[in-house]
Every structure is written in C-alpha cells, then in structure tokens.
Amino acid sequence: MIADLIIALVFIGYAISVLMGFGTILTWVERKQAAVMADRIGANRAYIRIPFTQVKLVWWGLFHGMADGLKMLLKEDFKPRTYDSFAFAVAPWVVFTPVLLVFAVVPFGGTITPAALWAPLAGIFGDRSWPMQITTLDAGLLVVFAFSGITIIGAMLAGWSSSNKFSLLGALRAGSQMISYELVLGLTVLGLILIYGTLDLNAMVRHQSGTVLGFLPAWGIVYQPFAAVLFMTAAIAENKRIPFDLPEAESELIAGYFTEYSAMKMGLFMFAEFIEIAIIGALFTTLFLGGYNLPYMSDAGFAFPGGAALAMPHGAAVVTQLVVFLAKVFVVCSFQILVRWTLPRFRYDQVLTFAWKFMLPLAIVNLVATAVIVWAVQA
Amino acid sequence: MSTKPYKRKQYWNEPQMGWYERIYLPEILRGLAITGGVFARNMFKWMTGRKGALTTYYPEETRWDYAAGNRGKHVLTRRPDGSPQCIACNMCATVCPAKVIEIEAGFDPADTAHPKFPVRFEIDYSRCVFCGLCVEACPEDAIRMAKEVPNLPADDRWNMWLGKAELLEWQPQSDVAKPYPPAPAGAPKKDRA
C-alpha cells in the first residue's frame, strides 16, 4: 500500500516535471529552430549574471523563457468588465489541466522493479514491479480522448466569457475545428486498436517491440503509415497550430479566443499549447513509434532479427527506456515545429472542408481496409 | 442594379494545379524538405563553429557596407599641446536643432592666441538627432563626428550625457575627415573601463 503510494507520487512528480520541462524548453526550441530555419540567430541576449561577479551566462538564449515567464507573472492582470467573470477566470485552467491529465495513461518506460535497481529498496517495495505509467487503465486511449475533449470547453468558455466579438468568433472557430478533427483523430486510431486488440497504451507498446516480416520493427507506423500521417495532421489541427491556427489568426482575430486575457492567464493558454505539443509527441511515439523501446528492444533486452540477443541489466534497461522515450518525444515535437514554420495558414472554409470531405473519408477508408485485412488474417 | 452574373477575371498566369499538387501531401513533403534542409545546413555550420546565419551581431560587429560617412559620436579635436581646439564661440550650440549642446566658456589671459576656452562642453545624447550641423557650423574644426555610434544604452537619461573629458579622450577607430591626431605625450589619460 505504502509502496504503491510512493511509486505513484514518484511517477506523478516525474510526469509533471517532464511536461513542465518540455513546455519551457519548447518555447526556446521553437524560437531557435525557427531562427535557424530562416538564416537568423534567434533570441540570444537574455542572460543570468552570477551575483558579485561579471560572469554572464547566456547559454544560447535559454534564459529568454525565464524572462518571458517573469514578465508574464509581473504584468498587470487586466480583467475586462464581463458578465461572467467566474467563467473568465476558470477558462485558462479548463484548458490547461486536461492537457496535463492526458499524460496519466501514457507509459514513459517499461516495468520497474525497485528491488532490482538497489537491493535495500526491497525492504519497502518487496520484489514487486510496476509499469512506468501513472495509471494502468484498460481504457487508456479512451481516457486520452475524453480529457483532450475537455480542452474544447475551455476554449469555448474563454471566448464566451470575454464579452468580445473577436474572442467569440475565435471560440466558435476553435469549437468547430477541434470537434471536427477530434473525430478524425479517433477514427485514425481505431485502426491501431483493431490491430493491437487493446486500448491499453502500455500493452500497445509491448506489442510494438516485436518485428514484422522478420526485420522491420513492429511499430505502428509500419502497420499503419497512412494513419500516422492522418493522426499527425489531425493532432496539429487539434492543437490549433499553423497551418490550422484559424482560431488565433492574428490578422483577423487579434489572438482569437484569448484576446482579452493578459499576464499569466494568457501565459497559461500559451503554456498549454506548448505542453500539448509534447503530449502529441508522446502519443505519437506511443502509438506509432514503438513507445519507450528502441527497435528490437523489450524489457529484457535486445532480440535482433538475425537471432542474436543481448540481455540488459534491469537498471540499464530502465534508464535506456526513459531516455529513449524523451528523445523520441523531442524529435516528434521538433517535427511539429518544422511543420509550423513551413506551411502557410489555411483559409477557414478550407479547414473544415479538409476535415469533413478529405480527412474523414480517408480515415474511414483506412479503418475499413484495416478491418478487412485483420479479419482476413485472423480467419 | 445590373443582373449580369459575376464573371471571375481570368489572369494570364492563372495557377494550374495538376492532380499531383492537389494531393497536397507530396508538395508539403517537398516544402518540409526545403526548410529542413536549410535547418540542417545552418545547424551543421553552428555545430562546426561557424556562423549559420546572415545576421550581424550589431553593436559587436558592423557590416562590410557600414556607411563610411556615418555621423556618429562627436569628437572634440585638440591642439598639439593637448588643449581643446574649441574656442567656446557657441555657434554649434546655436545651430543645434535639438538644443543638446551646452558650453560654459572660460577665460585664459595667458593664452593670447585663443583666450576663450570651454570649461564645460556637454552633449545630451538622449536628444541628439545626429544631423551634423554642429560640425558644419564650427569655425575652428573643433568638433567632428566619427562613424562609430555612441554606444550609450542607459537606464537613466542623465547617464546619456557626455562631458568634455569623454569627448576629448574618446579615441575612435576611424575618422573620415582627417586622421585623428595621436594623443600628445603629456595628455591626461582617462581609463574608460
């Protein structure tokens, strides 16, 4: 009992620090990557001076994120005279909290046996082992969709309660766009559920540690390349980033549904967006890129296609899995930023046409084809 | 009101999209390859210790085409004995459109050639418009402008005043009008950290 509590607290602490870390680092990565892609240098002037010395730590502008956070905390928190100040105050949190909660079912490592890591820990934990995941739910993927659906309510609340026409228009756009793409997102993932036969994300990752055709790693992207592209597109649209940032289109709507927000409340919207990039990265990694495992790797070690095997000690396996998961998530995040700084924005009618007339039929075709093939293979 | 149906204007260079462009995905991948390629090239340059950007780090670096005749910080010239060439005639202060020059004249009976000299010579760089009229007006070639700008970011406008000492002793890297005379041996040196 107490062991379960300790493990849960450690995992929750790890998950929150990873997400917050990603949220902070990604603001910097986005700036720097955009700058390098555009032959620029990027933010590089903020520094921290070590007290009582003239040593200034610049570190490639890493401290600009801290400067921004400090600025947002110290700015005036302007409140518009709105008819629903409670909804106005609560909306950023309705956007922010579910984004964090989604990570509860995402496995960030294999199983961990504390006693095998360090013998004295056996006194508390016995020889039990835990999957590195905050909650092991059979309905993992459903929980992901349930929580990410709440974000829509936050965006709508923010737009409604701002008493501002730009905000309202932005909220309407956000609502219709997110609901449309949520549908596509769910349909693309259904194919994977058919193949893996489970909704539990950890079981999905274990399923992906084998091989297909003898040599390819059995990753979701190998089984369902089409679904991977659709999932990525729908996820970016769901996160309201360019090329789908119609709810926040600056040239038309100032900042869309959070036009009236200032200081740290606006910061929460931005932060939620950056954390959602990391969440999309984590989901994409888990569903399509083999999760926390390297190719041919499982909890016990490597099993290469030629028949060679390499056993790994438990500690090395745990550390490798944690690091590999973070690295894969980071690569997917970086890819999303690449997309964001490459493509121009859609027109608004194009966004919904794209969702309903292009992506949805494709997702359904993909699902039907997968179902037929799975039925044929099993029969 | 006319009831003619709206006819869209046809341009001679109307964009023609074939089926390949209409699938959209290959073209996106091509775009991503371009931006990703630029990213990889620049990142490789940065990681091998070269500059992967076209930007000039401005105050530290200047561009190769930085204007040679740029009107920057003022320089007070000196006579060979080290005293300022300025005779405190106030013509620069009079002509100055921004009224940033303040001169307090002094009298030195020992120097019969030019008995009048500036006790104070101050320029308020927070208001200076760098028009160069003071240089034009000076009858004695006592004030010039070097091409370097006064790098004076300050958190208080009172820190943006430069006095006689700084204007006299500031050694610019270059002076477009004439080579700047080397400081005489006995001239007081001020350490500008």
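Predicted model: local features only at pLDDT ≥ 70, side-chain atom pairs only at ≥ 80, totals over all residues.
The largest nonpolar core comprises 88 residues. Those with the most contacts inside this core are A:Val184, A:Phe231, A:Ala234, A:Ile275, A:Ala278 and A:Ile279. The leading contributor is helix α12 of chain A, residues 263-288, which supplies 15 residues. A:Ile279 touches A:Val99, A:Val102 and A:Phe103, with residues up to four places away in sequence left out of the count. A second core is separate and holds 17 residues. Its members include B:Val75, B:Leu76, B:Cys86 and B:Ala146. In soluble globular proteins, nonpolar side chains tend to be buried together.

Helix α1 of chain A covers residues 2-37. At 1.5 Å a residue, 36 residues should span 52 Å, and the end C-alpha atoms lie 50 Å apart, so the two values agree. The helix carries a kink of about 25°, centred on A:Ile25. Several residues of α1(A) are buried, among them A:Ile7, A:Phe11, A:Leu19, A:Phe22 and A:Gly23. Further along the helix, the buried set also includes A:Leu26, A:Trp28, A:Lys32 and A:Gln33. A:Ala35, A:Val36 and A:Met37 are buried as well. An α-helix has 3.6 residues a turn, so residues three or four places apart point the same way. Within chain A, the buried residues of α1(A) pack against α2 (64-74), α3 (85-102), β4 (130-131), α12 and α13 (314-340). They also pack against α2 (25-47) of chain B. Just after α1(A), A:Asp39 adopts a positive phi of about 60°.

The contact between the chains involves 12 residues of chain A and 14 residues of chain B. On the chain A side, α1 and α13 are the elements that give two or more residues. The most comes from α1(A), with three residues.

Chain B contains five helices and five strands. From the N terminus, its elements run α-α-β-α-β-β-α-β-β-α. Of its 193 residues, 13% count as buried. Among contacts in chain B with a separation of 6 or more, 69% join residues 24 or more positions apart. The domain assignment places domain 1 at residues 18-55 and domain 2 at residues 74-169 of chain B. Taken over C-alpha atoms, the centres of these two domains are separated by 53 Å.

Chain A holds an open sheet of three strands, in the order β7-β8-β9, with antiparallel pairing. β7 (297-298) and β9 (309-311) stand at the edges with a single partner strand each, so one side of each has no neighbour in the sheet. β7(A) pairs with β8 (residues 301-303) of chain A over two bridges, in the antiparallel sense. A:Met297 has A:Phe302 of β8(A) as its bridge partner. Strands of a sheet pair through backbone hydrogen bonds, either parallel or antiparallel.

Local backbone features were then examined in loops. The peptide bond from A:Ile242 to A:Pro243 is cis, with omega near 10°. A:Pro243 sits in the loop between α10 (225-238) and α11 (250-253) of chain A. A:Trp59 has a phi near 50°, a positive value in a residue other than glycine. This residue belongs to the loop between β2 (56-57) and α2 of chain A. With 13 other C-beta atoms within 10 Å, A:Trp59 is partly exposed. In chain B, B:Asn90 has a positive phi of about 70° although it is not a glycine. B:Asn90 is located in the loop between β1 (74-76) and α3 (91-95) of chain B. Its 16 C-beta neighbours inside 10 Å make B:Asn90 partly exposed.

One helical glycine was also examined. A:Gly149 lies in helix α6 of chain A, residues 140-161. It has 15 other C-beta atoms within 10 Å and is therefore partly exposed. A:Gly149 and A:Leu338 are 189 residues apart in sequence. In space, their C-alpha atoms are 26 Å apart.

Definitions and conventions:
Residues numbered from 1 in each chain as written. Chains lettered and ligands numbered in written order. Core = buried A, V, L, I, M, F, W, Y, C linked by C-beta atoms within 7 Å. Buried ≥ 20, exposed ≤ 12 C-beta atoms within 10 Å, placed from the backbone. Helix = DSSP H or I, 4+ residues; strand = E, 2+ residues; numbered from the N terminus. Contact = placed C-beta atoms within 7 Å. Expected span 1.5 Å × (residues − 1). Bend = angle between axes of the 7 residues up to and from the residue. Domains from an automatic or database assignment. Pairing = 2+ DSSP bridges.
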